[in-house]
Amino acid sequence: MNDRVLYSSLAYAGVSPFVACALLPLVGIVAIPPFGPLDQLVNSYGLAIVCFLSGIHWANYLANKDELPFNLMISSNAIFLLAWFGFVVGELSTSLAIQIASLAALLAIDWRLKSDAVLTAHYFRVRFTATSLAIASLIVVLLS
């Protein structure tokens with residue numbers, strides 16, 4: 001399996017729980033025993049994904065620090081910490097709103113990395129599509 005297929009498959013598989021948590025309430029499913037209510041489930045999953053994407057930035061920094069325009073470990077860690085504080089001390093709606101902003105900020109960092117030829121255009125398209133679906137799903141959950 002080549003890298004394109006691998007990261008594309010992982011990205012779209014990773015966004016599917018966001019989409020499911022946004023769409024399942026439309027057919028009357030609001031919780032999944034034993035995991036609990038979908039809004040709380042997507043909140044926990046969203047935090048995990050923000051952490052995962054921040055970790056990808058850390059890996060890029062460690063592998064390519066000479067090619068990078070700024071320190072990804074600091075920027076991505078700050079974004080993750082904001083999402084974590086929102087999750088720990090904020091209301092559900094606050095946490096989801098911060099996660100939406102965090103995903104957008106991490107995508108903006110990737111756009112900058114693509115502009116500086118650190119990331120490929122294909123990788124960025126996959127990230128953009130997956131992140132857009134995640135953000136749209138979180139907005140649906142937030143407004144529900």
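This is a predicted model: local features need pLDDT of at least 70, side-chain atom pairs count only at pLDDT 80 or more; totals for chains, interfaces and linings use all residues.
Visitor: Let's start with helix packing. At what angle do α3 and α4 pack?
Guide: Look at two things, the angle and the distance between axes. Helix α3 covers residues 72-89, and helix α4 covers residues 92-115. They pack at an angle of about 170°. Their axes are 8 Å apart. An angle over 145 degrees counts as roughly antiparallel, so α3 is roughly antiparallel to α4.

Visitor: Which residues make the contact?
Guide: From α3 come L72, S75, S76, I79, L82, A83, G86 and F87. From α4 come S95, I98, Q99, S102, A105, L106, I109 and L113. Now sort them by type. The contact of α3 with α4 has 10 nonpolar residues, six polar and no charged.

Visitor: How do α2 and α3 cross, and at roughly what angle?
Guide: Helix α2 runs over residues 38-64. The axes of α2 and α3 come within 8 Å and cross at roughly 170°. The two helices are therefore roughly antiparallel to each other.

Visitor: Which residues of α2 and α3 make that contact?
Guide: The α2 side is N43, S44, L47, V50, C51, S54, H57, W58, N60, Y61 and L62. The α3 side is L72, M73, S76, N77, F80, A83, W84 and F87. By type, the contact of α2 with α3 holds 12 nonpolar residues, seven polar and no charged.

Visitor: Next, single residues. Is S137 buried or exposed?
Guide: Relative accessibility decides. Under 20% counts as buried. S137 is at 6%, so S137 is buried. Its place is in helix α5. Leaving aside neighbours within four places in sequence, S137 is in contact with F18, V19 and A22.

Visitor: How far apart in space are S137 and L6?
Guide: Compare sequence with space. S137 and L6 are 131 residues apart in sequence. From C-alpha to C-alpha they are 23 Å apart in space.

Visitor: What about R127: buried or exposed?
Guide: R127 has 7% relative accessibility and counts as buried. R127 also sits in helix α5. Beyond neighbours within four places in sequence, R127 is in contact with L53, L106, L107 and D110.

Visitor: Where does S8 lie, and what does S8 touch?
Guide: S8 lies in helix α1, residues 3-23. At 14% relative accessibility, S8 counts as buried. Not counting residues up to four places away in sequence, S8 touches H122 and V126.

Visitor: Now the backbone. Which residues does a cis peptide bond join?
Guide: Check omega. The bond joining P33 and P34 is cis, with omega about 0°. P34 is in the loop between β1 (31-32) and β2 (36-37).

Visitor: What is the phi of A117?
Guide: A117 has a positive phi of about 65°, although A117 is not a glycine. A117 is found in the loop between α4 and α5 (121-143). At 64% relative accessibility, A117 counts as exposed.

Visitor: Last, the rings. How many aromatic pairs does a search of the whole structure find?
Guide: A pair of aromatic rings is described by the distance of the centres and the angle of the planes. Here the search finds four aromatic pairs.

Visitor: Which residue lies over the face of F124?
Guide: For this feature, look at the distance to the ring centre. K114 lies over the face of F124, at 5.8 Å from the ring centre.

Technical notes: Residues are numbered from 1 along each chain as its sequence is written. Side-chain values use heavy atoms; hydrogens and water are left out. Rings of Phe, Tyr and Trp (its six-membered ring) pair if their centres lie within 6.5 Å; planes under 30 degrees apart count as stacked, over 60 as edge-to-face and the rest as tilted. A charge sits over a ring if NZ of Lys or CZ of Arg is within 6 Å of the ring centre and within 35 degrees of the ring normal. Axes are lines fitted to C-alpha atoms, for helices over the stretch in contact, and angles run from 0 to 180 degrees between N-to-C directions. Helices (H or I, at least four residues) and strands (E, at least two) are DSSP runs, numbered from the N terminus. Angles under 35 degrees count as roughly parallel, over 145 as roughly antiparallel, 65 to 115 as roughly perpendicular and the rest as oblique. Contact means heavy atoms within 4.5 Å. Ala, Val, Leu, Ile, Met, Phe, Trp, Tyr, Cys and Pro count as nonpolar, Asp, Glu, Lys and Arg as charged, and the others, Gly among them, as polar. Buried means under 20% relative accessible area, exposed over 50%, partly exposed in between (1.4 Å probe, protein chains only).
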